[in-house]
Amino acid sequence: MYYILTMAIFKNKDDLFKNISFLKGVGPKLSKYLKNKKIEKINDLLWHFPYSSTDRSNTATLDKLEVGKIQTIKVKVLKYNFPRIRNLPNKVICEDEFGKIDIIFFNSREGYIKAILPVNKWVLISGKINFYKSKYQITNPSYITSIDKIDYVKRNIPKYSLTEGLNEKSYRKIIEKVINNLPVLEEWLDEEVLYKFGFKSWNESLLKIHNFENADTVNNKYIRRLALDEILSNLIVLSKNRKKFKETKKESKLFDNSLAKIILKNLNFTLTKNQEEIIKEINEDLKSDRKMFRILQGDVGSGKTIVSFMTIANVLEIGCQSAMMAPTAILADQHYNLAKKIFHGTEIRIELLTGKTETKQRKKILEDLKDGEIDLLIGTHALFQKKINFKNLGYVVIDEQHKFGVKQRMSLAEKGGKNCDVLLMSATPIPRTMMLTIYGDMDVSRLIEKPKNRLPILTYSKPEKKIDDLIKIIKKNLSENNQVFWVCPLIKDSQIFDYTSVKMRLKWLKKIFPSETGILHGELKQYEKDLILEKFLKKKIRLLISTTVIEVGIDFPDANLIIIENANKFGLAQLHQLRGRVGRGSKQGKCILLFKDNLSKNSVQRIKVLKKSSDGFFIAEEDMKMRGFGDIIGYQQSGEKFFKIADPINHIDLFNYAESYIKKIENENLDRFDFLVKLHDKAEIIYSKNG
Ligand code: ADP
Ligand code: MG
């Protein structure tokens with residue numbers, strides 16, 4: 001094995017966090033290209049692994065070349081052949097004692113070629129050998145170097161996925177500099193852990209990975225070691241945050257449920273046992289002298305909203321203000337209307353603040369809020385702008401938190417100061433195995449029981465060739481005063497994907513249902529989307545053709561049928577969430593999945609799971625088994641990738657191990673992991689307020 005010897009470039013291990021331009025030879029242009037690959041700091045380079053390698057160790061004299069193979073040859077430049085006709089390649093003829101070869105250049109200037117291949121000079125050339133018109137040739141060789149560089153070229157060279165502006169040679173210069181000069185770090189893993197998994201040191205693992213010495217790219221022990229590092233760094237941060245929350249003292253909220261009892265009377269249903277349990281759980285947090293940071297997870301339609309209002313009532317009862325945040329104006333609007341209804345007949349003043357609130361009204365709201373005249377403010381993220389000041393905010397509820405990543409979660413937790421309790425709500429069920437990894441900083445409540453009057457949605461599958469049958473079904477539904485969603489994967493037709501687009505489907509359906517169709521997709525502006533959804537809500541549109549953008553959480557009481565086209569394109573959890581958009585009233589909801597004729601075994605299995613179960617948690621677990629963690633809906637949407645290296649399917653044993661390990665060491669001094677946490681970019685999400 002050959003490593004280039006360069007002078008030590010890192011004086012200090014913290015140099016790894018310096019900008020990439022700290023490296024010699026990386027100027028603004030290269031920095032820009034690297035940034036496109038999300039490489040900005042030096043340590044970002046470390047996690048960008050090679051996916052394969054090119055063996056350039058094969059050498060031969062010109063009489064023993066093997067066509068189609070990559071070979072490294074030692075030759076002397078004989079003469080040039082630069083044709084005067086455009087589009088013909090430049091040619092350089094080279095030789096050794098045994099034969100001749102043509103080196104062909106497309107798109108290279110003569111001056112450049114003459115400089116790298118001066119006549120009569122011996123050089124090393126590496127590339128794929130071709131045979132054309134009874135001559136050997138190499139086209140655009142990857143390497144042309146002086147003979148003394150033989151060890152640099154004649155070896156197994158890792159292959160990275162690179163973008164425009166970056167080629168193997170320029171990237172090698174950078175990555176080798178870093179990899180061969182890694183600072184020696186003190187081991188943070190216990191001897192026992194290293195032994196148990198057969199792990200090597202951090203340095204050795206990185207070196208082996210970047211030299212691509214092991215073809216098993218996911219499960220070799222070098223990658224597994226770095227995966228465990230990454231999982232641990234995540235768990236350590238969450239655990240630290242959790243401890244800080246637990247240490248944050250607040251004024252206990254001492255209420256006697258009097259207001260909650262009143263709003264309970266305004267409901268036209270009784271709470272489920274599970275809802276009651278969770279309300280009690282939250283109430284205890286509110287009463288305690290520690291700040292609450294809790295997530296309420298519950299399937300679509302499980303009735304989270306009322307849980308939050310029952311607990312909001314308690315906070316209002318003692319004269320604290322509350323805020324409730326929803327991801328869209330239309331959902332905020334629904335929450336507002338519901339709140340008005342259930343707080344009817346009380347003294348509570350409720351206001352709505354969204355991007356649509358008029359300036360004058362907005363100004364008034366801000367003033368009244370500051371004076372403490374508004375008790376409950378409901379709105380979109382407009383709620384959390386700097387200008388907005390509460391008099392004594394005691395409770396923040398954030399609905400559909402899957403729109404926000406971990407970093408945003410932290411900043412939300414800091415809002416309102418230490419006396420403010422925080423409840424997040426999410427309809428994205430997380431598989432049990434991933435719970436601690438994702439929500440390890442929070443207390444978790446799970447709403448599993450569904451309201452009793454809720455009929456499970458009936459799920460059917462149909463081959464696409466029977467699409468005409470659907471017309472009859474839609475007609476029947478519309479005549480019964482129901483509404484219908486029709487979901488397609490694409491916005492417009494694509495040459496790459498064989499899926500249906502909403503635009504195409506609209507054309508077809510509009511001919512049959514001319515006056516009542518509408519279209520909704522992600523390319524519309526937010527206000528356009530809101531307008532369409534409002535029309536649907538008011539039943540001016542009764543058949544809505546849509547991509548998956550239909551918001552989770554909105555109640556369309558008369559939407560009872562959802563048709564999902566190219567259903568195999570979607571993950572199970574996503575299909576489950578989509579079908580959760582119908583049947584939220586008291587009528588039976590139905591979901592029809594359209595498939596291509598020849599379903600794979602896997603697809604058949606997936607449909608079975610959906611038909612059989614209406615339990616979002618179970619479905620999420622099955623989904624993860626079949627498609628991997630990256631597809632868990634929501635985490636994809638927030639644009640935040642949880643892990644760069646660790647893979648919850650292949651590394652599940654490491655996840656399990658890390659979870660039990662963290663519980664064991666949680667109360668020890670964890671300083672030895674500080675550098676690791678920084679390496680994985682987690683340091684900035686450590687909760688800082690009051691800590
Ligand atoms: P999600 O958990 O998806 O936010 P919602 O809170 O919007 O669900 O509740 C869905 C529907 O179920 C609402 O119309 C709500 O009024 C109703 N609901 C909530 N709890 C109950 C219950 N215990 N019994 C009957 N209906 C309920
Ligand atoms: Mg909801």
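Colleague: In what order do the strands of the open sheet of seven strands lie, and what is their pairing?

Modeller: As a general idea, strands of a sheet pair through backbone hydrogen bonds, either parallel or antiparallel. In this predicted model, the open sheet has seven strands in the order β6-β7-β4-β3-β2-β5-β8, with mixed pairing; strands are DSSP runs (E, at least two residues) numbered from the N terminus, and two of them pair if DSSP finds at least two bridges between them. β6 (130-132) and β8 (143-146) stand at the edges with a single partner strand each, so one side of each is left without a neighbour in the sheet. From one strand to the next the twist averages 45°, where axes are lines fitted to C-alpha atoms, for helices over the stretch in contact, and angles run from 0 to 180 degrees between N-to-C directions.

Colleague: Which strands run parallel, and which antiparallel?

Modeller: Strand β2 (residues 70-81) and strand β5 (residues 122-128) run antiparallel and are joined by seven bridges, with V75 standing opposite V123 in β5. Strand β4 (residues 99-105) and strand β7 (residues 135-139), by contrast, run parallel and are joined by three bridges, and D102 has Q137 in β7 as its bridge partner. Q137 is also the bridge partner of N130, while β6 and β7 pair in the antiparallel sense over three bridges. These two strands form a hairpin with two residues between them, and K133 in the turn has a positive phi of about 50°.

Colleague: How should I read the packing of helix α10 with helix α11?

Modeller: Two packed helices are described by the angle between their axes and the distance between the axes. Here the axes of α10 (residues 273-287) and α11 (residues 304-317) come within 10 Å and cross at roughly 35°, helices being DSSP runs (H or I, at least four residues). Q275, I278, I279, I282, N283 and L286 in α10 meet I306, V307, M310, T311, N314 and V315 in α11, contact meaning heavy atoms within 4.5 Å.

Colleague: Where is the pLDDT under 50?

Modeller: Where pLDDT is low, the predicted coordinates should not be read in detail. The pLDDT, the predictor's confidence in each residue from 0 to 100, averages 87 over the protein chain, and 93% of the residues score at least 70. It stays under 50 over residues 1-7, and over residues 632-640 the pLDDT is below 50.

Colleague: What conventions apply?

Modeller: Residues are numbered from 1 along each chain as its sequence is written, and chains are lettered from A and ligands numbered from 1 in the order in which they are written. Local features need pLDDT of at least 70, side-chain atom pairs count only at pLDDT 80 or more, and totals for chains, interfaces and linings use all residues, while side-chain values use heavy atoms, with hydrogens and water left out.
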